[in-house]
Amino acid sequence: MEKEGSENTPYDQAVNLINQALDVLKNTSGNQQTGSCSSVHSTPKAASTPPSSTCLSAPSALSKTPMTPLTPTLRPTEMSRLFPFFGSRGRATNSRQRNSPYMQFKPKESWTHTFVCLSDIEEDQIPSKERKRVLKEGGLGEKKLIFSDKNGSFQHVKTTLEKEYPSLKDLEGAFEILRSGGSRRMLQVIPIPPVGYTVPALKYALGQAIAYIRPLQKNLQLSACFKQPGGKIDLNSAPSVTCVNCGEIIPIPALRKHEEECNGGPSGKIEVNQETSPQQSVEIESTSPDNEVVDTESTESRPIKNDVVDLTTNPDDSQKLASILDMFPDKSYREVQRKFSEIGSVEGTVTALLDDDEDDLMASVFDSPLPVTLSSFKHRWLNSNSMQSIVIDHHSPRPLRDIFKLHKKGLNIRAIPDVEFKGEDGTDASGPTREYFHLSMSLLTAGDSSIQLFEGQNDHLMPIHCVESLDSMLFYYTGVMISHSFLHDGYPLVGLSKAAVAYIITGSIYEAIPFLSIEDVPDYEIRQMLEKVRDANTDEMFKELNENEAIVTMLTAAGFVNKLLTSTNRDAALESAMLHHTLIVRKLEMDDIRRGMETIQLAMFLNRNKELWGSSHVFPQSSQVIVLAESLEKKLVLHSSVKQDDLNEQEKLAFEWCKEYVRCLPVHAEDDYVPTTGMFLQFVLGSPQYPTQPVYVKFNRKEKSLPDPESCLGILSLHVNASSFADFKKKMDATLSAQATGYGRF
């Protein structure tokens with residue numbers, strides 16, 4: 001119903017206008033002229049018909065029907081039916097809702113993110129829990145910061161950070177911001193823009209990742225609680241108790257550490273002498289649930305409930321514990337007691353303590369600064385006190401799969417390998433280890449009957465994009481295998497694309513782009529199309545390329561869309577296509593390889609030592625691992641047990657023929673059974689890699705008609721029964737063809 005004095009709303013105004021229109025129509029219907037215009041029905045539908053100069057014809061019966069008088073108002077139901085738009089928005093439940101303005105969404109003008117302030121200019125890893133606690137107590141550490149201006153400049157970022165971290169004021173803006181990278185612990189620096197870090201730049205670079213602030217010029221000082229100016233903890237005001245082992249008064253905050261180092265004996269039992277019975281004594285078990293008092297005689301052989309062996313009541317165990325303490329002089333008396341009481345045997349306790357040392361070493365290795373030299377890096381990660389048995393079958397139809405199984409079962413890559421080839425003679429004193437690493441690295445690039453991981457031309461190999469291999473973590477264990485071989489001076493992974501190597505080491509596409517080439521594209525057809533794009537230099541050639549559906553599809557897949565190829569954008573199109581068909585589509589595989597290498601921080605170490613990229617130590621090209629015949633001949637020397645003056649004629653001839661034989665060896669051969677310099681080294685040393693030591697020559701007994709190697713020592717024992725050089729060469733060829741790999745004997 002219409003309300004008087006409330007004509008301000010759109011709803012009421014609409015009702016008034018409609019009622020006025022109805023009045024006009026009623027008056028018009030009363031003055032109809034026959035044959036000129038038909039009458040307009042006074043129904044609600046007629047109300048929606050606008051006045052028009054056009055006359056609508058109607059049945060004569062209807063035209064003579066008298067009009068029903070109209071009321072000057074409309075019901076709300078009729079209004080909503082005739083004008084649904086007004087009905088949905090015009091009605092309001094109350095006057096407050098009708099008169100309230102429309103509340104539009106206003107985006108926040110601030111930006112909130114989590115930051116962690118580091119204290120050391122050399123920190124490049126995600127802090128451990130203990131390190132985060134230290135930073136937090138020192139006024140740094142993790143905080144959630146609110147930047148009031150989401151478009152703030154560097155000055156706004158600097159002011160906000162200094163407000164939350166006052167120590168940053170001393171840096172005067174000399175800091176950089178990092179985020180987590182490809183490794184689970186490694187941090188990557190966010191490049192500083194020319195205008196400095198701004199809020200929009202940080203939002204784009206960080207996403208949801210935690211931001212780490214690191215000083216550039218000097219370390220930040222930690223203002224830890226309870227510390228005196230000298231850096232020592234002030235325990236003068238702390239409450240103290242008397243140590244039940246040694247009687248010394250110890251502050252309670254330091255009691256736990258003192259308890260572990262105290263040499264006064266275990267505190268699980270306290271002997272109490274009763275004044276009323278001097279000859280009687282009782283023992284109170286401190287961890288007994290009911291604190292009941294038990295007679296000494298009945299508990300003499302019972303284990304103590306706090307899992308600590310009492311040496312005074314277990315004289316047999318005291319000798320065992322003494323032997324363990326001799327093996328672990330750095331362990332505390334109480335720590336060894338606890339382990340022994342939990343396990344109950346010397347062997348088990350020693351194993352558990354060694355495992356603890358391994359875990360502690362891993363933690364300390366990750367938390368300590370990264371070594372800068374190759375020797376110090378290997379020394380840091382090698383565990384020369386542990387041996388890892390590796391049993392492999394040379395004749396397995398799926399040797400690569402067998403090696404992956406070893407790693408998935410938890411093969412310890414830091415321990416010294418002890419390699420055994422099934423069904424073959426030979427004890428590992430380095431020779432079988434060298435052969436194992438050459439076998440594993442060669443299988444990674446060549447594959448076996450069930451697994452193929454790399455494709456492309458030699459020296460341009462790229463990982464195969466394969467979801468199944470990713471799900472099986474084969475590329476992760478590829479990185480672990482690379483680290484394993486690198487750590488023990490084994491054979492490297494040869495022939496990878498330089499661009500792939502750059503990405504695996506740095507984790508950055510931009511670092512890899514300068515190394516890209518068309519030859520890195522494994523697909524031959526795509527490579528041919530890219531060569532056509534590269535060689536185009538006339539309008540006719542570009543027109544032909546733009547009309548080639550295959551080339552257009554290839555460029556579109558690489559992100560070069562809505563453009564025609566021209567001389568000005570050709571290079572950009574070429575780079576986009578090469579990048580897409582090499583690194584982009586294989587990024588997940590290369591990330592997994594990098595993650596496997598980071599189990600010993602190898603990628604991070606190589607990233608800091610770029611001179612090692614492509615060296616003979618890791619990821620070399622094929623030309624870097626071949627051994628020239630002239631160089632190999634110079635490595636042949638007589639063993640120290642053989643004197644030049646004591647050689648007979650047959651031995652002198654055998655030595656000279658050996659040198660001549662090596663000079664004739666080719667570097668490559670199409671036939672796998674044709675001896676090469678690499679095959680010669682494989683036979684003598686267990687690996688075709690250029691040796692750092694000489695190849696020592698000795699001589700067999702006369703009844704031995706074939707050469708025989710001692711690969712662990714790098715010794716070749718020559719046969720001395722050849723009648724000529726041709727006979728000598730024939731026997732050498734036969735031996736190398738059949739026994740270049742393996743440790744069998746004829």
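Guide: A salt bridge is a side-chain nitrogen of Lys or Arg within 4 Å of a carboxyl oxygen of Asp or Glu. This is a predicted model, in which local features need pLDDT of at least 70 and side-chain atom pairs count only at pLDDT 80 or more, while totals for chains, interfaces and linings use all residues. Residues are numbered from 1 along each chain as its sequence is written, and side-chain values use heavy atoms, with hydrogens and water left out.

Visitor: How far apart are N and O in the salt bridge of D489 and K378?

Guide: The pair links distant parts of the chain, 111 residues apart: D489 is in the loop between helix 18 and helix 19, and K378 is in helix 14 (residues 374–381). Helices (H or I, at least four residues) and strands (E, at least two) are DSSP runs numbered from the N terminus. The N to O distance between the two side chains is 2.3 Å.

Visitor: Is K378 buried or exposed?

Guide: Buried means under 20% relative accessible area, exposed over 50%, and partly exposed in between, with a 1.4 Å probe and protein chains only. K378 has 10% relative accessibility, so K378 counts as buried.

Visitor: Which residue forms a salt bridge with K587?

Guide: Both members of the pair lie in helix 25, 4 residues apart, about one turn of the helix. The closest N and O atoms are 3.0 Å apart, and the partner is D591.

Visitor: Between which domains does the second largest pocket lie?

Guide: On a 1 Å grid over the protein atoms alone, a pocket is an open set of points with protein on both sides within 12 Å along at least five of seven lines, a cavity is a set of points where a 1.4 Å probe fits but cannot get out, and lining residues have an atom within 4 Å of a point. The second largest pocket holds about 1100 Å³ of space, and among its 34 lining residues Q188, V189, I190, P191 and S508 are the closest to its centre. Domain bounds come from an automatic or database domain assignment. Because both give residues to the lining, the pocket lies between domain 1 (111–215) and domain 3 (374–518 + 586–623).

Visitor: Which helix gives the most to the lining of the second largest cavity?

Guide: This cavity has a volume of about 40 Å³, where a volume is the space filled by probe spheres set on grid points joined across faces, edges and corners. Its lining includes M441, I482, S485, F486 and H617. With 3 residues, the largest contribution to the lining comes from helix 18.
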